[in-house]
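The sequence and the structure are shown below.

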Amino acid sequence: MANGVEPGETPPPETLEHDETAEPALAASEAQLRMALDAAHTGTFDWDLASGALRWNANHAEIFGLDLDQFAGTWAAFAERAHPDDGQTLDAAVNRALQGGGGFEVEYRIVRPDGRIRWALSRGQVLTDDAGTATRVIGTTLDTTESRTVRENIARAFESIGDAFCAFDHTWRLTFANREAKRILGGDDQRLLGHALLDVLPEALGTAHQRDYERALTDNLVVEFEAYHPGLAAWFEVRAYPSLDGLFVYFHDVTERRTADAERTQLLAAERETRATLDRMLSLTATFQAEELSGTEVANMVCDAAVRTFDCPHAALWQLDGGTLRLLAEAPARKGGAPARSVRVDHVDQLRDLAGPGPTFRRHPDRSDPLVTPGSHGRGTPASLRVPIVIGTRVEALLVIVWDAAKAPTAAMLTVVQRFADQTALAIEQARTREAQAEVSALSARLQAGLLPTPSISDPHLAIHTRYQAGEDRLLLGGDFFDAVERSDGTLTVLIGDVSGHGPDAAALGATLRAAWRGLSLTLPDPVAIVGALAAVLAAENPGEETFATVCCGWVPPSRDQATFVVAGHPPPLLLSDHAEVIDLPSGPPLGLGTEWTGTTIPLPPAWTLLLYTDGLIEARSGPRPGSDRFGEHGLIAHLAAQPEPASLDGAGLDNLLAHVQRLSGERFADDVAVLLVRHHPDPGIAADQPDQGGH
């Protein structure tokens with residue numbers, strides 16, 4: 001019965017009127033549906049459970065390699081075309097739908113009459129009557145052979161990548177995982193595929209990462225984050241991409257980078273701690289240098305300073321007297337004074353500590369260190385730094401600093417501790433301190449003489465002026481150097497250079513290069529050969545891959561009417577005549593970073609002045625604020641051009657220049673500054689006016 005009308009009866013007019021409009025529309029809709037199914041090569045099936053009749057459309061028969069009239073129209077005829085290994089899978093999927101009254105989706109192989117095997121994907125829905133009894137099963141079938149081949153090729157491609165890859169459908173079910181993903185998720189296809197995302201990634205449950213996954217799928221966004229996998233003790237960079245089928249998720253192992261970042265953070269923290277410790281130590285410099293303190297006062301001062309400098313709970317200073325250590329002082333001091341205590345060296349395992357050149361870090365889990373006052377460790381595991389106090393070449397005392405056992409001192413901190421020990425040694429023996437200071441002063445003078453020589457020039461038409469200013473960090477020796485030599489034929493050779501870095505190694509390398517240059521400039525025929533030989537000297541010193549030197553080497557023949565320069569990564573010199581200008585010179589690589597240099601010859605006027613300098617001069621700030629611009633080459637040119645006679649620049653003019661830059665930058669140079677000025681005039685009286693050779 002349709003529309004309440006029995007066969008043979010005439011429908012009422014309103015029904016006929018309704019049918020007349022509905023039937024063409026229904027027919028058109030069915031035609032459109034058939035066209036869509038044909039275009040998509042989609043097969044359809046309709047199984048009447050009561051009669052057992054199963055109807056296919058032509059597309060369905062074609063998928064199975066049959067003509068439509070060859071199909072018997074029963075479920076058995078349908079199922080017998082399934083591959084023997086997949087028949088049970090097909091039956092199981094349909095039976096589950098029949099029992100539950102729902103739908104099914106199953107992909108399986110079929111065997112065509114010609115023996116060819118194809119893949120098919122069937123989706124069906126069970127229809128029920130009002131009583132809930134299944135009456136029909138309708139659905140569609142697609143030939144997925146080609147798409148499955150593509151999927152398998154894609155799967156093989158994803159198996160070949162090193163990152164983990166997962167695919168989830170729109171219901172959050174895992175549909176694919178490559179080999180690396182299975183390793184991370186801890187399962188195989190049988191255990192993982194078809195399970196929900198939060199089942200295979202339980203670590204994400206209730207976290208921001210769960211919301212990230214949800215945003216990627218629901219908002220169609222690409223999300224990236226990093227997550228920790230406790231089972232593998234590893235960090236992963238996770239990228240989730242929305243796709244037509246659901247969500248693609250990549251996992252990239254970043255444990256090594258995270259570990260490096262953590263180590264870098266720890267190093268930075270240790271560096272900050274070391275710098276703060278150094279600042280505290282430097283703030284106590286005046287206390288260490290007080291000459292009016294007695295030996296007992298010095299011992300107490302050292303212990304108090306150690307507690308403040310290293311932020312430790314306890315410090316003790318022991319005097320070494322033969323084979324016995326005698327307690328001189330401790331901090332915090334005990335009420336009523338510390339009792340006399342002495343310990344035999346061979347009883348406390350101190351022989352190695354006292355023989356070593358630097359501090360020794362020791363843990364004492366049994367809290368049995370006789371050199372540490374009981375209870376001074378606090379609640380942590382006991383540990384201490386044992387620091388030999390050396391005066392001259394002899395160990396005079398042992399400083400014991402209570403330390404946190406969980407934080408072994410870094411190499412930088414041990415350097416600070418050693419510096420503290422050096423200051424302690426100076427404070428203990430004032431008489432030896434004065435002697436040591438005199439020796440250090442003499443050594444400093446010799447070092448200065450090696451780095452900053454006083455050029456000796458016989459030509460009365462020439463005057464040499466030099467200046468040197470230490471940078472802000474005066475505790476570190478710089479590698480700036482310069483020199484001027486007059487060859488036997490009257491040729492003037494000049495040199496200025498700068499070794500990268502600071503400290504004794506940079507200063508020693510600068511002195512070595514300057515000394516080598518002095519000999520080379522007297523023997524080699526031109527500045528190009530000299531610079532090449534200097535590069536060989538630097539390489540022979542083997543300073544390390546990160547160490548290099550910039551130099552500017554000049555060569556002025558006896559006629560004094562021209563000059564040849566070779567620049568190796570160094571600022572070019574200035575020519576001062578009636579105006580100031582930068583000499584346009586090609587620059588080769590610094591020494592240690594290349595092997596090709598060229599010489600450039602320029603003409604010189606009758607009266608001229610050459611200004612050579614290191615980059616500390618132009619890298620100074622033009623204002624006291626940290627963000628101020630550099631003084632720069634333009635600032636240097638502007639200052640010199642403002643002088644009435646730039647070519648007449650002399651030692652006093654250099655002093656004014658350096659004072660001007662220091663005022664701009666806040667009275668201090670950030671880096672060492674070395675300046676070499678060569679002045680020439682046809683009138684020897686003018687050239688020699690106010691000679692100032694070697695003023696530092």
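Strand β4 (residues 117–128) and strand β5 (residues 134–143) run antiparallel and are joined by 9 bridges. Strands pair if DSSP finds at least two bridges between them; strands (E, at least two residues) and helices (H or I, at least four) are DSSP runs, numbered from the N terminus. Within this pair, alanine 120 stands opposite aspartate 143 in β5.

The model is predicted: local features need pLDDT of at least 70, side-chain atom pairs count only at pLDDT 80 or more, and totals for chains, interfaces and linings use all residues. Residues are numbered from 1 along each chain as its sequence is written, and side-chain values use heavy atoms, without hydrogens and water.

The open sheet has 5 strands in the order β2-β1-β5-β4-β3, with antiparallel pairing. Because β2 (54–56) and β3 (103–111) stand at the edges with a single partner strand each, one side of each lacks a neighbour in the sheet.

Aspartate 46 lies in strand β1. With 14% relative accessibility, aspartate 46 counts as buried (under 20% relative accessible area; exposed is over 50%, partly exposed in between; 1.4 Å probe, protein chains only). Beyond its neighbours within four places in sequence, its contacts (heavy atoms within 4.5 Å) include Ala53, Leu54, Arg136 and Val137.

| Partner | Atoms compared | Distance |
|---|---|---|
| Arginine 136 | Side chains, polar contact | 2.4 Å |

Conventions: A polar contact is a pair of N or O atoms within 3.5 Å; within protein, one must be able to donate a hydrogen and the other to accept it, and residues adjacent in sequence count only if both atoms are side-chain atoms.
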